[in-house]
Amino acid sequence: MIEYAIYFAFACFGAAIMMCLWRIITADGVGTRVLALDTMVINTIALMILYGLSKGTEIFFEAAMIIAMLGFVSTVAYARFMLRGNIIE
Amino acid sequence: MSLFLIAALPFLGAVFPALLIRAGRNAAASAAGLTTFLALMGLLIHIPSVMRGDVVTARFDWIPRLGLNANFMLDGLGFLFALLILVIGLLIILYARFYLSREDPMGQFYTYLLLFQGAMVGIVLSDNILLLIVFWELTSLSSFLLIGYWKHLPDGRQGARMALAVTGSGGLAMIAGMLILGNIVGSYDLSVILQNKALIQASPYYLPALILILLGAFTKSAQFPFHFWLPHAMAAPTPVSAYLHSATMVKAGLFLMARMWPVLAGTDAWFYIVATTGLITMLLGAVIALFKDDLKALLAFSTVSHLGLITMLLGFGTKIAAVAAIFHIINHATFKAALFMTAGIVDHETGTRNLKRLGGLRHLMPITFTIGTIAALSMAGLPPLNGFLSKEMMLEETVHTTWLHSHYLVPGLALLAALFSAAYSFRFVSHVFLGAQREDYPTHPHDPPVGLWLAPALLVVLVVLIGLNSAALVGPLIAVVTSAVIGGEKLPYYSLKLWHGFTPALYMSVVATLGGLFLLALHKRGEQVWNALPRPEAKVIFEAIIDALTRLSRWITDEMHNGVLSRYAIIFVAFTVGLGYYAYSTGTIGVETRVPLPAQIIPIIGWICLVGATLGIMWFHRNRLLSLVLIGVVGLIVSVAFNYLSAPDLALTQISVEVVTMILLLLSLNFLPTETPWDSSAARRWRDAAISVIAGLGTGALVYAMMMRDFAFPTISEFHLANSYKGGGGTNVVNVILVDFRGFDTFGEIIVLGIAALIIFALTESVLSTNVRSYLLNRKPHWPQSGDSHPLMMVVATRVMMPIALMVGAYIFFRGHNQPGGGFIAGLIVAIAYLMQYMASGYTWAIERQRFYYHGTIGWGVLIAAATGLGAWFNERPFLTSDFGYLHWPPLEEFEWATAMLFDTGVFLAVLGAVMLALDSLSRFAWQPGMAQEFPMDINPLRDSPPEQEQEKEQA
């Protein structure tokens, strides 16, 4: 049963990533694109966890955790750049 | 004392003067003197065996595969030169202590001097020609530092550069010559080469090797036409001139010719090249010296002349001429060093070295007068001083030499040179010391303190003693040295007496002395003629040549590197495509041995993201911020792909590098235009596009072809997998490769990383100290800024994140040896944790709370890694061999320790320091006055409404 759930989740997040890509390429302005990139990061984290679940391994967990921790930093940096120009004041 | 130690002592001791200068100038001088003294004692211990004619050796295989062995040998020749270098070095150290003024950095001086001394001792003790070349180049470099010691004088800098250019290029020629020589014989060991005279002289490569080696020797010993650098090197402080240009550096070329004499001399080519060059140099130097008004220039050209004399004697190729050459090397070193020191004293005490402004000093400076006169008369070749003896031998030899069937050419020209030599020596005495006392000296001259005149006085005592009783004093030494020079063959008959009867040489001496006096009397007239004559100015020619070469290399560089990056890329890519096509059309390809795996849907999505983002970058690449966002997509997918393809270490590294790179690019984008301008035509863009599409498809096809086939040869992966746990003590093969199998690479890389960060720092410093600073201060932002520079939300979030991130960093670090992770990734994660604080609360706020400098972090990292590597040596294992074991401390579970962990700590620190230093430097460009603030965030509710307690206090 869990397998079907995982496959369903894979499909959802895969589709989400494609949509994010679509927004990144077509959206107006940089703000939306950065937001889409951030969403894409979150979706890939989900994909990695799902992959780990389907393979029954913990090895992807740390990678997912680090992406979660660091992906946030780049988004913040983009935001600072757009708001202030200078990211370290 | 081992020969290794004698050669190494000056290098080891070179550290002390630089450090001890803080304890005073006497401490620095004593340290230098003591080092030299110890090396000298070590040398003197070998006297008995050297005098027996034995050769002392010390062997150590350094890089045996290249034939480069650290072999040293001490025979008579090496002993004589080492003795001269160390004894005169000791005297120079004493003299320099009193010569240099308070403003001169004396510690630096002695350090350079000892480095030079070590290099010279290395040359004369080397038993391997490659090792000799290493020391040879070291003398060029250290003499550059010494000649340019007075950095504030343009003459000093130019002279140093000229000396380095001339002797350095000669050294390059010599390397080629030595390699040819080594190839002919099949060994680079001097002791082997010296046994193979017949083989070398029969070889067709004899002449090229000879010419190349002689180029090295002639440039070093200032032989015509390379003599011009020596007078310009006189801009150095006088102790340097006395040391380098009387006893040591310029004698290195002579040493080499004497060293190679057994195998290279005796042919017509040797005679005509070496003897002729020597003869021309001797005559030219003597003539020019007579008309120089600068005391040191006079001595410089006289040195050139005497070096020519010795070269000529070596060039004659007869054994008795070799005896004369050796004898004159000793004599010249003694009287010329004394003369240079005298010149230095005169300069020091009167404030001028110009002969036109000197004269009549004999009553004012009686001691200096005595020393200078005796040394100068020896240089003139008057009995009973030592210069007379060797000059007589030289003249005697010329009489027996025919040059292209002419019996008179060589003796005639030698006589002329001797005549001029006598003339300038007399001029030195008469124009400095004799004549009427003057009133217009720049200062009031008087004899210097004993420290200054003691060294030349000792030398002058030697000059007289050797002259009076040479057979007893230096006879045995000369016998030993000469037999080393002529290769152990039987010594010819010679006599070191003052009186040989009425020989041709005696008549020639008388003519030279009288002629010298006559020329001195006519000096004024002669000078007018000399000044009226047109003559080439060596410095102008040299600079013209250097300028032309600089222009040529600049032209080549500019033509090849015109700064257009797309041009470099297209050349590189087109060439690679061509190469690939050539390989494809001529090579063979094996059959496919693998079947493609079925494609999954999620990887296909990733692939679409990669391709889509790449196309997007191409489309939007002129909008820089936008392309950065799209590059972010590529980075993200690549790191997920690494994960999917079972490379979690790579994935972790990729994602952290991605974040750091992004921050770095955003920092730079702040100062760059937001749009990239169009700068190539449409046709060129289409051409570039076509080539890159071909290259991309080709690369894709190549990768596909590779992945469809098994490896043709067994890969190294098997070895790594098999030995990772057994040998390296870790189950994470990637980490074991980094810290153990290829630890040396990692060590090199962290050093490079550190250097790169330091360069970024240095560039920042230099850019910010120019007027770019004002441009930066007046810069307007690209678009309107929002009000919050340090928003509350961000500050709070990053503070909460900080300990978590540090914890993750520690976790990744510690488990790195067995699970994905390691020092590199941990360093990046911790750096990002720090950077978050910089971003949230600002540069100034963060830097004020920073207790250590990142430079130090880098340094400690490299040092710890190095110390770990060195630790293996103490267990008699190669550098960077790691060790591991298991520990069980009761309250804890059993855990593993590995030295690799210590090495990884070094990696961690170096990466952390390098990343932080680079970003720290870049963020300083944006500094504006008034940016600093005392609070970590702009708006803080706590500040607006003070806590209740305080309110109560205020009410009370």
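Predicted model: local features only at pLDDT ≥ 70, side-chain atom pairs only at ≥ 80, totals over all residues.
B:Ala165 sits in helix α8 of chain B, which covers residues 154-185.

B:Ala165 and B:Phe542 are 377 residues apart in sequence, yet their C-alpha atoms are 9.9 Å apart in space.

Now let's step back to the domains of chain B. The assignment gives domain 1 at 1-264, domain 2 at 266-521, domain 3 at 528-558 and domain 4 at 730-943. If you take the C-alpha centres of domain 2 and domain 3 of chain B, they lie 31 Å apart.

Next, please find the loop between α11 (206-220) and α12 (229-232) of chain B, where B:Pro225 is found. The peptide bond leading from B:Phe224 into B:Pro225 is cis, and its omega is near 0°. B:Ala222 has its place in the loop between α11 and α12 as well. Its phi is near 55°, which is positive even though the residue is not a glycine. Why do we point these out? Most residues other than glycine have a negative phi, and most peptide bonds are trans.

Is B:Ala222 buried or exposed? B:Ala222 counts as buried, because 29 C-beta neighbours lie inside 10 Å and the cut-off is 20 or more.

Let's set another residue beside it. B:Ser646 also has a positive phi without being a glycine, this time near 60°. You will find B:Ser646 in the loop between α29 (624-644) and α30 (648-669) of chain B. With 9 C-beta neighbours inside 10 Å, B:Ser646 counts as exposed, because exposed means 12 or fewer.

Last stop: the two chains together. How many residues of chain A are in contact with chain B? There are 38, and they meet 46 residues of chain B. On the chain A side, the elements that give two or more residues are α1 (2-26), α2 (29-55) and α3 (59-84). The largest share comes from α3 of chain A, with 16 residues. And what sort of residues make up that side of chain A? They divide into 28 nonpolar, five polar and five charged.

Technical notes:
Residues numbered from 1 in each chain as written. Chains lettered and ligands numbered in written order. Contact = placed C-beta atoms within 7 Å. Helix = DSSP H or I, 4+ residues; strand = E, 2+ residues; numbered from the N terminus. Nonpolar A, V, L, I, M, F, W, Y, C, P; charged D, E, K, R; others polar. Domains from an automatic or database assignment.
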